[in-house]
Amino acid sequence: MHNASKKKRTWRGCHMAIVPIFSSFALRQMSATNAIPASTTMSAAATSASASSSARILRLNHKQLIVSLNGRRKSISASSSSFFSTYRFNSSISRSSRGISYPSSIRIRPLSPVMESQDVTVKMEVDVPISVAYKCYSDREAIPEWMPFISTVKILEDKPDLSRWSLKYKAFGQNIEYSWLARNMQPTPNQKIHWRSLEGLPNRGAVRFFPKGPSSCIIELTVSYEVPQLLVPVASALKPFLENLLLQGLERFATFARSYSADTPK
């Protein structure tokens, strides 16, 4: 009993001695574990400062990017507004055609039918001096006297270079009537007379005079015209028909020129 009691006191004494040693060791171990080296602290501080600086730079770049994008957005918006204000189109639906109407700035005109043009040239020798032939042909109001299909020619008093012509002839089973206003261009005496229509039946032409001898000359007559819509079905027969009429006219002109009074003012 005495020995057992002695052993208990010895263990209790050892235990009381070990506890302070263990506690001191534990505290040193915990301090060693939780302690942060100075270099690590400085590195962390530098990293934090660098991260803060980078964050500020990013924020500045972000703000600059936003300002730049806003500027471009405003520029694009202004350009778009300018474009649409300049090119405005009307897309209203037409009640009559039930389709989309054309822009107001574009005017659509109905297409006119394409007219066929023909040229006819005839020539003939006339037994009169070239000066007489020229003077005779220059008398426009006398042309209906020898040209079969011309009914009247009237020179405008206030504008002698203008004249009104009317055509009347029965051909191709119908009565053909047309009229036009013509202007005589500047002539070349004893060489050329030419004209063109200003309104009415589109046509133009020229008469040329070539000396053949002291008492004769050659007259060449060219007429260009657009085939009237009424005569389109017979357009292929119109040209030879008109050639025949013009030759008849020159034959009658030769007779008319020979009887032309020598007293006619030059």
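I started at Ser224, whose side chain makes a polar contact of 2.5 Å with the side chain of Asp119. For a polar contact I take a pair of N or O atoms within 3.5 Å; within protein, one must be able to donate a hydrogen and the other to accept it, and residues adjacent in sequence count only if both atoms are side-chain atoms. The model is predicted, so local features need pLDDT of at least 70 and side-chain atom pairs count only at pLDDT 80 or more, while totals for chains, interfaces and linings use all residues. Residues are numbered from 1 along each chain as its sequence is written, and side-chain values use heavy atoms, with hydrogens and water left out.

I looked up where Ser224 sits: in strand β7. Strands (E, at least two residues) and helices (H or I, at least four) are DSSP runs, numbered from the N terminus. Is Ser224 buried or exposed? Ser224 is buried, because its relative accessibility is 9% and buried means under 20% relative accessible area (exposed is over 50%, partly exposed in between; 1.4 Å probe, protein chains only). I then listed its contacts (heavy atoms within 4.5 Å). Not counting residues up to four places away in sequence, Ser224 touches Gln118, Asp119, Pro202, Asn203 and Arg204.

Glu220 is also in β7, which covers residues 216-226. Glu220 is buried at 14% relative accessible area. Its side chain has a polar contact of 3.4 Å with that of Lys123. Leaving out residues up to four places away in sequence, I find Glu220 touching residues including Thr121, Val122, Arg208 and Phe210.

**The sheet**

Which strands flank β7? I read the order of this open, seven-strand sheet as β1-β7-β6-β5-β4-β3-β2, with antiparallel pairing. Two strands pair if DSSP finds at least two bridges between them. β1 (117-126) and β2 (150-155) each have a single partner strand, so one side of each lacks a neighbour in the sheet. Neighbouring strands are turned by 20° against each other on average, direction ignored. Axes here are lines fitted to C-alpha atoms, for helices over the stretch in contact, and angles run from 0 to 180 degrees between N-to-C directions.

I checked the bridges next. β4 (residues 174-184) and β5 (residues 192-200) run antiparallel, joined by five bridges. Trp180 has Gly200 of β5 as its bridge partner. Five bridges also join β5 to the antiparallel strand β6 (residues 203-213). Ile193 is partnered by Val207 in β6. β5 and β6 form a hairpin, with two residues between them.

I traced helix α4 (residues 235-258) across β1, β3 (162-171) and β7; it runs at about 25° to β1. The largest nonpolar core has 46 residues, and Ile219 is among those with the most contacts inside it. The largest share, 10 residues, comes from α4. Such a core is a set of buried Ala, Val, Leu, Ile, Met, Phe, Trp, Tyr and Cys residues joined through side-chain atoms within 4.5 Å. Beyond four places in sequence, the contacts of Ile219 include Val122, Phe209, Leu250 and Phe253.

**Confidence**

I looked up pLDDT, the predictor's confidence in each residue from 0 to 100. The chain mean is 74, and 55% of residues reach 70 or more. Residues 4-47 have pLDDT below 50, with one contact beyond near neighbours in sequence. Residues 100-106 are also below 50, with eight such contacts.
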